[in-house]
Amino acid sequence: MDPANPELKAGDHVSGYQIQKIIELPEIKSFFYELTHPATGARHIHISNPDTENTFAVAFKTVPKDSTGVAHILEHTVLCGSEKYPVRDPFFSMIKRSLNTFMNALTASDWTMYPFATQNKKDFYNLMEVYLDAAFFPKIDRLSFKQEGHRLEFESNGTPEAPERLTYKGVVYNEMKGAMSSPDQVMSRSLLNALYPDTTYSFNSGGDPVKIPELTHEQLKAFHEHHYHPSNAFFYTYGNLPLASHLEFIEEKVLVHFTPIHPGTDVPSQPRWDAPKEMTYFYPFDENDDPTKKSQVCLAWLAADIRDALDVLSLNILEQVLLGNSGSPLRQALLESGLGSTLADGSGFEADNKDTMFACGLKDADPETADDIEKIIFDTLTDLAENGIDKELVESAIHQIEFHRKEVRNSPYPYGIKLLIRMSGDWFHNGDPAGALEFDTLINALFKELEKGPFLENQIKKYFLDNPHRVRLLLLPDQAMVRIEEKRMDSELQRIQERLTAADIEQIKNDTRALAELQEAKEDLSCLPTLEIEDIAPDIQTVHETPGYEDTDAACYELPTSGIFYLTSAFGLQPLASELLPLVPFFCHCLPLIGTTRRSYHEIARLIDLYTGGIGLSINAATNFAEPEEDACLPVMTFSAKCLSRNLDKMFELTDELLCENSFSDFKRLKQLLLEYRSNKESSVVSSGHRYAISLASRSFSAAGAYNENWHGIHQLKTLKQITDDLTDDRLRSLANDLAQISACLLKSNNTRIGLIGEKPDVQKAIDHTKSLKKNLGTGSDTGFTPPAIEFSSVPVREGWSTASAVSFVAKTFQTKKMTHEHAPALAVISKILRSMFLHREIREKGGAYGGLAVYQFENGLFCFASYRDPHIVNTLNVYDAASQFIVSGDYTEEDIKEAILQVCADIDHPDTPNAAAGKAFFRKLIGLTDDIRKTFKQGLLELDREKVLQTAGFYFGATTTPPSAVAVISNKDALEAALDKLGDQPLALYRI
């Protein structure tokens, strides 16, 4: 019996709902409820467990019939005001008035979802009411459609005498221009278009920028009326709050107002082909870069129906067997061919659609080698089907799935939302959602099939070798693509402008004025629910080392971790020569993937998957709070590993081998890893351009900023290009020697701190392993956590970096004070006020960028502005200047201060799983960030008022007091050069990425 809902049983009627089934899920310590609402056809799933991070979502099947982005634009527009909450932007307003741990809206190929999570009961029902009213009773007014979707506006050509020119604007329009600049996004959309030509998946659900301007306001409203109805709705709740209260709330707020319809949103199966196809697509590529070997070659198959649970599991297993690690036979065969640097974007098994998909191929390939790549794939699959799959590969694949099902993590989504996404494919396509969560039942069915004979080998034949529904897809670089699209768009706008009547012109200008007035209007948000300062818990989340282990060489944390053990450790960089510092990130990437003196890389990879949930290293420079200097820095290299309790001995054996017996002598493998690492770094620039821009702008303010830019930013990519552009055998030999030297310098027992996290028997068992590991590491000289010297210019930069992107990423940073200073709480609040009250309006609503950010970095005191997928550069820099004027003006109230405090507390009080909380505590101790510092900061936060915020704003943002700032912009060359003409005596130094 479920202790949270003891009165409920299958068949009961509750608030118009009928409980169809109740299933205990011991694997996740939960109870599963599936319900229907007969009067409307609405469906509801509730997962009951003790988790205080309660989750809600409502989802709709959304099946677009074109690429205008109607589902995506609707997702944005319904959040722009509703019947009960007729304010301009209730969604973003509620972010300010809430302690949510997650709030978002998501558009997939065939569904749209509105999820949130919070630990506060009052907050839960506040947010649910706003979400329900937005989804079912939105205003969807014409101006909101123009703001979020697309609109025409006149822009000056730069001189008074030049005629105004017509341009496209819109948040989603610019978001998708940015998305379609990214090769991985282009590949994923191309695969869907190629493999599912007869279903909704062939269209770009996010919206093709070429097609978005074709969508009308009337079409958007009709799409909402048809799709956003309880008969097409899937409600979801999760956590420790009682189900009956949820059902009563939803019934009262929504369901009583509707009668059933037949939405007709079931997605049909894609008709199967009787012969494979070949298709070619293109992606934008920088005209100044060499396009040689910058293509992708990929084979993709239409696979099982999402509702065929056993087949879907078998394909998940096969994905891990074939591609899951460096020792997987298909991955190994492809990469060792030398025909590409890494797996093609989209490689793997995708179970998101009605019919699932499997893809594999190579990136950074020559299209002339497509036949060779296809032969490698089929030869490998044929060999496995005919000669059998190594049982150890199957065991490791099953272990990986078991581990990640067992591990409770709330990143990147809260655990409740992860469970929803795990079962959503089955649920939305009329399958068995509970079955998707009953892993033990399903794995037992798989074991029975494996006992009967070559089940997985037969699946390879069925879904790959004998499956004619296959496409060979080439994705080719096109250096003229950006210019051709700009020319097409200019011609299209010119034709539209030539046909405009005087009345049309006046209407466009009236709409522009009306939208600007709407965006500038002061709003009364009192209709929206909110929390008060009293609703914020005054304490902080703390985790302390378990007493009784003082004589050990490790920090020990005995915690309930669901039968999983975590090893975390830090190594100082003091012994390392400065010339080796840029190579440390690649060393971290390489170490678990390169092999050892005893085993090849593929043997190591198989063992890691067989016995652990992952082994990895990383590098980062943090502020050292233990030192008196304001900018004291502590760079550390971390090593982490995790395993099921039964595999603890094996995990430590692997850890010992990797740290004590590593070898970089396999030059062929070293070259593979280097090219793969560079390719992944290149691919991340456009998708994470705002982070790279912030890093570039931050590097001149501290040693930590300089370290992190050299390790994680554009300068790391420049280092990789410098190495790989001339990758001779001698260069590889020199690189191998450098990596071996890093290992010899850093991996020493007197240069490390170790943390052990898990349940008591595991921690006690790990103590002896830790002693053995430290003995085998040996000791080094000049070891410790004092940072090595790094040379960096303290002069703030003003730079522009060009790449193939249709949009810009604009960052500005300056130094304030870190969280130990009395101004820190106010600075954190100022960042939230600026983002929600000023930048959101000026950069997103008016400017059409996907987002505008103000971030106060607690630990180092940097204050950062940034924009994401932005059509502007100069205008955005002007907005940043105006933001300083706004915050100094005091044009905000005590209520605005309270809302900003709520936002900061939502960030700092974000719930952590026990293992994550212990890991953070371990590293906070290393850098001297004590619980007292954190408590003092939060206490200062809760005591803030408008006067304190104004005083702090005047100190850092006043016209004569603003500290020196740095600017970095990532964009295309033409946009940067155009910006340069407007910046006058504050130019940007231009560089190529």
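Trainee: Which two strands form a hairpin here, and how many residues lie between them?
Mentor: Strand 7 and strand 8 form the hairpin, with three residues between them. Strands here are DSSP runs of E with at least two residues, helices are runs of H or I with at least four, and both are numbered from the N terminus. This is a predicted model, in which local features need pLDDT of at least 70 and side-chain atom pairs count only at pLDDT 80 or more, whereas totals for chains, interfaces and linings use all residues. Residues are numbered from 1 along each chain as its sequence is written, and side-chain values use heavy atoms, with hydrogens and water left out.

Trainee: In which sense do strand 7 and strand 8 pair?
Mentor: Strand 7 (residues 106-107) pairs with strand 8 in the antiparallel sense over two bridges, and pairing requires that DSSP finds at least two bridges between the strands. Within that pairing, Thr107 has Thr112 of strand 8 as its bridge partner.

Trainee: What else is joined to strand 8?
Mentor: Strand 5 (residues 54-61) runs antiparallel to strand 8 and is joined to it by eight bridges, with Ala59 standing opposite Met113. Strand 6 (residues 102-103) is also antiparallel to strand 8, over two bridges, and there Phe102 has Ala117 as its bridge partner.

Trainee: How many residues of strand 8 are buried?
Mentor: Eight of the eight residues of strand 8 (residues 111-118) are buried, so the strand is largely enclosed by the rest of the structure. Buried means under 20% relative accessible area, exposed means over 50%, and partly exposed is in between, with a 1.4 Å probe and protein chains only. In a regular strand the side chains alternate between the two faces of the sheet. In strand 8 both faces are covered, with Trp111, Met113, Pro115 and Ala117 buried on one side and Thr112, Tyr114, Phe116 and Thr118 buried on the other.

Trainee: Switching to strand 23, is it mostly covered or mostly open?
Mentor: Strand 23 (residues 798-802) is mostly covered, since four of its five residues are buried.

Trainee: And which strands does strand 23 pair with?
Mentor: Strand 27 (residues 965-971) runs parallel to strand 23 and is joined to it by five bridges, with Trp801 opposite Ile970. Strand 28 (residues 989-992) also pairs with strand 23 in the parallel sense, over four bridges, and Glu799 stands opposite Ala989 there.

Trainee: New topic: how many salt bridges does a search of the whole structure find?
Mentor: The search finds 63, where a salt bridge is a side-chain nitrogen of Lys or Arg within 4 Å of a carboxyl oxygen of Asp or Glu. One of them is between the side chains of Asp535 and Lys122, at 3.4 Å from N to O. That pair links distant parts of the chain, 413 residues apart, with Asp535 in the loop between helix 17 (502-520) and strand 18 (555-558) and Lys122 in helix 3 (residues 121-136).

Trainee: What does Asp511 meet in a salt bridge?
Mentor: The side chain of Asp511 meets that of Lys146, at 3.7 Å from N to O. Asp511 is in helix 17 and Lys146 in helix 4 (residues 142-148), so this pair links parts of the chain that are 365 residues apart. Asp511 is buried, with a relative accessible area of 10%, and Lys146 counts as buried at 19%.

Trainee: And where does Asp909 sit?
Mentor: Asp909 and Lys938 meet in a salt bridge at 2.6 Å, N to O. Asp909 is in the loop between helix 29 (894-908) and helix 30 (914-927), and Lys938 is in helix 31 (residues 931-942), 29 residues apart. Asp909 counts as partly exposed at 23% relative accessibility, whereas Lys938 is buried at 1%.

Trainee: Last one: where does Pro585 lie?
Mentor: Pro585 lies in helix 18 (residues 584-590) and counts as buried, at 4% relative accessibility. Pro585 and Gln716 are 131 residues apart in sequence and 8.4 Å apart in space, C-alpha to C-alpha.
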